[in-house]
Protein chains: 4
Amino acid sequence: METGSKRPRIRLGMVGGGQDAFIGGVHRMAARLDDEFELVAGALSSSPERALGSGQALGLPSDRIYTDYETMARSENARPDGIDAVAIVTPNHMHFKVAETFLNLGFHVICDKPMTLSLTEAQRLHDMVSRSSRVFVLTHNYSGYPMVRQAREMVQSGAIGDVRVVQAEYPQGWLSSRQDSKQAEWRSDPARAGAGGSIGDIGTHAYHLAQFVTGLTAEELTADLATFVPGRQLDDNAHILLRYKGGARGMIWSSQVAIGKENALRLRVFGSRGGLEWSQEEPNILWVHDLGASTRKITRGSPEAGEAASRVTRIPAGHPEGYLEGFATIYREAAELIRAADGDSVSDPAAMAPDSADGLAGLQFIDACVRSNLQGSSWVRI
Amino acid sequence: METGSKRPRIRLGMVGGGQDAFIGGVHRMAARLDDEFELVAGALSSSPERALGSGQALGLPSDRIYTDYETMARSENARPDGIDAVAIVTPNHMHFKVAETFLNLGFHVICDKPMTLSLTEAQRLHDMVSRSSRVFVLTHNYSGYPMVRQAREMVQSGAIGDVRVVQAEYPQGWLSSRQDSKQAEWRSDPARAGAGGSIGDIGTHAYHLAQFVTGLTAEELTADLATFVPGRQLDDNAHILLRYKGGARGMIWSSQVAIGKENALRLRVFGSRGGLEWSQEEPNILWVHDLGASTRKITRGSPEAGEAASRVTRIPAGHPEGYLEGFATIYREAAELIRAADGDSVSDPAAMAPDSADGLAGLQFIDACVRSNLQGSSWVRI
Amino acid sequence: METGSKRPRIRLGMVGGGQDAFIGGVHRMAARLDDEFELVAGALSSSPERALGSGQALGLPSDRIYTDYETMARSENARPDGIDAVAIVTPNHMHFKVAETFLNLGFHVICDKPMTLSLTEAQRLHDMVSRSSRVFVLTHNYSGYPMVRQAREMVQSGAIGDVRVVQAEYPQGWLSSRQDSKQAEWRSDPARAGAGGSIGDIGTHAYHLAQFVTGLTAEELTADLATFVPGRQLDDNAHILLRYKGGARGMIWSSQVAIGKENALRLRVFGSRGGLEWSQEEPNILWVHDLGASTRKITRGSPEAGEAASRVTRIPAGHPEGYLEGFATIYREAAELIRAADGDSVSDPAAMAPDSADGLAGLQFIDACVRSNLQGSSWVRI
Amino acid sequence: METGSKRPRIRLGMVGGGQDAFIGGVHRMAARLDDEFELVAGALSSSPERALGSGQALGLPSDRIYTDYETMARSENARPDGIDAVAIVTPNHMHFKVAETFLNLGFHVICDKPMTLSLTEAQRLHDMVSRSSRVFVLTHNYSGYPMVRQAREMVQSGAIGDVRVVQAEYPQGWLSSRQDSKQAEWRSDPARAGAGGSIGDIGTHAYHLAQFVTGLTAEELTADLATFVPGRQLDDNAHILLRYKGGARGMIWSSQVAIGKENALRLRVFGSRGGLEWSQEEPNILWVHDLGASTRKITRGSPEAGEAASRVTRIPAGHPEGYLEGFATIYREAAELIRAADGDSVSDPAAMAPDSADGLAGLQFIDACVRSNLQGSSWVRI
């Protein structure tokens, strides 16, 4: 990584992510880790006071602390030293408008997931990105973990044969009872979160991860969405069956009422010649089952970790990398893509940060789950 | 256990379970462990030579080695020292006829699962048992594990509140490719295994375990059955969604093509106040999640293990009990029930060995899965 | 196992092991599991009433319930149907006298560990056994676990190269504070337990296991023995360093004050080409480290389990075997040796049940630990 | 963290840490994560070409890329915008001279461990720091993990009672055979690494961690150092027994020949009322044993994590933090101390980054191990 002369940092702005917002801080740490970005501007909250306070706390120049994203977009566009890219870390209902505004002015966009509030918006945004020369990266961050890359590479190389069964799950317990936190509040409000509760917030992660690793396309699903906590409007538990193109079958369980589970995203894939198991809470390990042999524990940084994992590995085996490092990999790959788009370098062909197509797929998944559920949990096309 | 004067051992006969049959040996070891039974007669194989050889290898008296079960039933019935009970460990298609024969002659029956080949047979057998004074125990052996008893007791006592979500799975990998073993052969033959492949052989265990622990009744399900290995007639992977009476939702995954999984039966239950997790491959541990507190690891034999677990615990904490011990508990409880039925003692009210009602429920489950699958994996009543 | 005609069961007597004694019940279950023994006589307690009550509870014939072991030895010797072998499960201080008595009358002996109270006794008993044609088996039961056999076989075959480092530990927590149980009481009384507290009760297990698996001979050690619970006379925590013949180094930690540990016996061995890790609380797994490759998880009953493990495996992979099964293997191998000694069959050359040489080594270990500790924890010859 | 107006970043220089040096990159990422430092100058290698190339790759201004540390110290001292602090990440033999040079010119120092090559140097450096107003932080980074802080807080609060037994270990396998890597080379050269091989490189971490968590002072030790790989001059395996002031006993195992172990630093502490277990490879978990209760799994960010852990926690429970985050905590606390020393703020009394006293203790430990080993592994005062 540290060869040749260092290129200037990419100038980054941020919309959303003010004080008390979990994900904003994550994006900032992720952006810093590999020193490819410098945060120089922000419209960090829809509340002017919080936007101001947050910008000062982050040490932003006072003239680049904005109280609304539209002013920010115009002002930064007018500056010679304006931002190159914007990170969108607002609640879901803002993603589309903010992304559209910045893309239209020629900024690159790094956006939290799910990509938009609705499938319609997702389709429009994806079309917009497709016609544009700008980079759009969606932070399905779990795809940045080295051992997830390892899993994908192994599936692609045929290590487990033809994929037959895909078991994905993402249980959490933090919404097991009524909750007043800001984090909890907007996530269970359809106007800001969209039609999906657990399926939108975490189910899309599981769905994306399954597709990312297996390369399969889901064609049909049935979804049984439940809301266990009284007064809640969106699903807090979802059971989903999937049929993939080519015959593989899948299961997704997302839950926010699984008491005791923290962020227990897990993927297990079984094929005709082997199997793979990965868990987000032990991310440095990939368990590999080979037909007729003992299970192997491949660790990040170890001799059996391949090219795809090594490329995004920062420190030696046994020194755990975590969530921020995986997230930072998405930022690093966004930087590679941005530099390539801006003509600064040749884009790394191995960069595989999620994009608007992944975002569209996520909204198609949410939409299909909701449709299925409304039809008595019948099977629907995705 | 070892107080008062020991009562004479229950005289046990066995049908099926000859040489090379895995489950017969298991039943015999389970029957011996607590010294409540003595194996004295057997019709151990449908092949006369194997029946003879197996009987000799087990040291049965030559006049009590039978080559067919009907002769055995009549002869033992005629002896003053005839058997008290029979263990049926044949392939599934024989269960009904053998059970009927022995029940009709007044013998107690211990039968392997699934109880019968078909739902019709199951209903008839259950009716027969209900009208009889004889004991019928079905070896859903996983319910004999102490920490499964602990889980059940905790759910009953309200430790996790109202049950919301039930995740059960039983993946195996041993049928991931074509297989010629005797074990594999009859299990994938509809004439001997019944309409269920993985759902019958192992799915019923997961289904029973979920009901045993939660006390819930499943009302509806949708099943997506798949057969991945070419040439196989029955499902080797099943994805099932469940709706329980009262609103809880469930998921069952059974698979015989999950390479690397051995007998990875696992149950996770989440309620309004807590959660429980248990795994057959680490059976001495129950993970307990309490709302707002850290996860506890309750081990068999430890201070937080309650009455239900202690009752079926043989050795101290940290000295693992395993599959045979759990199986032996079913036999021990069968012995308690048999002695009570025969007037030898007061039946232990805490005995909870599975019976013909559980067997009927298992066949109802298989039947519903097959019906759902035939109807495009739609939801069906169980 | 179940081929040919079954031979008659070996008639077994027991000294010690009355009601409330943990280890007596274990020996009885272990003796029953493979149906090679029948318990027919006992002097089960030094208390006549308890001896009587225990014998009745076990269903022993009234004329074979003895109140002292000497009468039992003489009477059984006089009977045409007298016992073939005796199991000694008393507190340690009785082992020598009982073993001597029965050996002198020509009985085979199965004895709990440590073999005797003192090194002097151990030497005498070992000499006696060496001159005798009788079988003497010491129940260092952990050597009966299949994956311990697997580990031994792999070391012998050179799979990990030359052994360099041996880490053995056996922490328990049950004596962390003053305890009034019968189990606790004699184990912390030098007159009945011998000079070793934790080192005698559990340290000898760790020491034996290390030698059993590696085949190495320890030559020197230093021991730092501590007694943490006020009023206790024997060590409840021991830290020991070892030097093995050939240059390997070892560490043993035994503790009875490690709160939260149950029977956490563990062995880790590292050589020039690989490493092995085994834990008694997860006994069905052997972790194997190969130089330059990923760690493998070899499970009991799986394809990579070799001949030595398979020979003592009863049930399929993924169905856990536990403590009793490992203990039963020692009994099964004792049976093989006894039948061979009695001319009934050819002894199985693969039988490797511990014997009086192992018992002597155990007392040498205890003696060396105590000597080292008395000399300021200096290095001593073993 | 993000409240009030952000203070300017601390200007950081670095000595050592050029291309291919593992630990330099770690320090840089750690320094960046919380945005408290900005790297502005460096003498990154003793090779001028590598120093230059490394500086350019990192984007340092060309006039602040130095080829020797003395020039750097003088030049930075002369600049109005000179560095505030220096990070020393050279091989061990350079630590003393570099630290002395920068301290004497009034710079703060962040130094890798072990602090110096020899005990004499350590004493001198500690004296120098003690007389100085400058901050000296030693990167015993494992003390920065939140659950290590949790463990320390629990011990201090009496949660486990009086500490009795301390088991620390740090096995690695990467030097199991002859190795030509730059990383391996200097670490096994006494002239650059000092008198300790594994004890210096990783044993000091284990020793520090034990003292950090327990608050105990080790008084005596015995060390059995071994060198297994032919041709190696320093120990690659060390077995150490410890006696702490007050009566607690300890064990340390450090190894670089434990094939299959990566960075398996682990600490287990047992007291009169409970026990704690922590492992670096699963750093987000603290296992807590309470007398008479079940083991609890306290996770970073969860309700039972206390103030000390929460203070250094960046992201929610279940999203793993890793090695870099723990390392970054040391840097963050160094920043707090530096700002306090420079009068910019009140030092956070909760900052507990290791300092020169810890560095001195580390060299005393190495010295005692070597002395003990030379005297036939006898007990020595530390």
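This briefing covers the domains of chain A, one of its helices, and the relation between chain A and chain D. The structure is a predicted model. In chain A, the domain assignment gives two parts, domain 1 (10–142 + 330–354) and domain 2 (146–315 + 360–381), and chain A can be superposed on chain D by a rotation of 180°.

**Domains of chain A**

- The centres of domain 1 of chain A and domain 2 of chain A, taken over C-alpha atoms, are separated by 25 Å, and the contact between them draws 19 residues from domain 1 and 22 residues from domain 2.
- On the side of domain 1 of chain A that touches domain 2 of chain A, the elements that give two or more residues are helix 4 (92–104) and helix 5 (119–131), with helix 5 giving the most, at 4 residues.
- The residues on that side of domain 1 of chain A divide into 10 nonpolar, 7 polar and 2 charged.

**Helix 11 of chain A**

- Helix 11 (residues 323–341) of chain A has 19 residues and should span 27 Å at 1.5 Å a residue, which agrees with its end C-alpha atoms being 27 Å apart.
- Helix 11 of chain A is mostly covered, since 17 of its 19 residues are buried, and just after this helix Gly343(A) takes a positive phi of about 80°.

**Chains A and D**

- The rotation of 180° that superposes chain A on chain D comes with 0.0 Å of shift along its axis and an RMSD of 0.0 Å, which is the relation of a two-fold axis.
- Within chain A, the C-alpha nearest the axis belongs to Gly322(A), 2.5 Å from it.
- The same surface serves both copies, as 100% of the contact residues of chain A recur in chain D.

Note on methods
Residues numbered from 1 in each chain as written. Chains lettered and ligands numbered in written order. Predicted model: local features only at pLDDT ≥ 70, side-chain atom pairs only at ≥ 80, totals over all residues. Domains from an automatic or database assignment. Contact = placed C-beta atoms within 7 Å. Nonpolar A, V, L, I, M, F, W, Y, C, P; charged D, E, K, R; others polar. Expected span 1.5 Å × (residues − 1). Buried ≥ 20, exposed ≤ 12 C-beta atoms within 10 Å, placed from the backbone. Least-squares fit on C-alpha atoms with pLDDT ≥ 70 in both.
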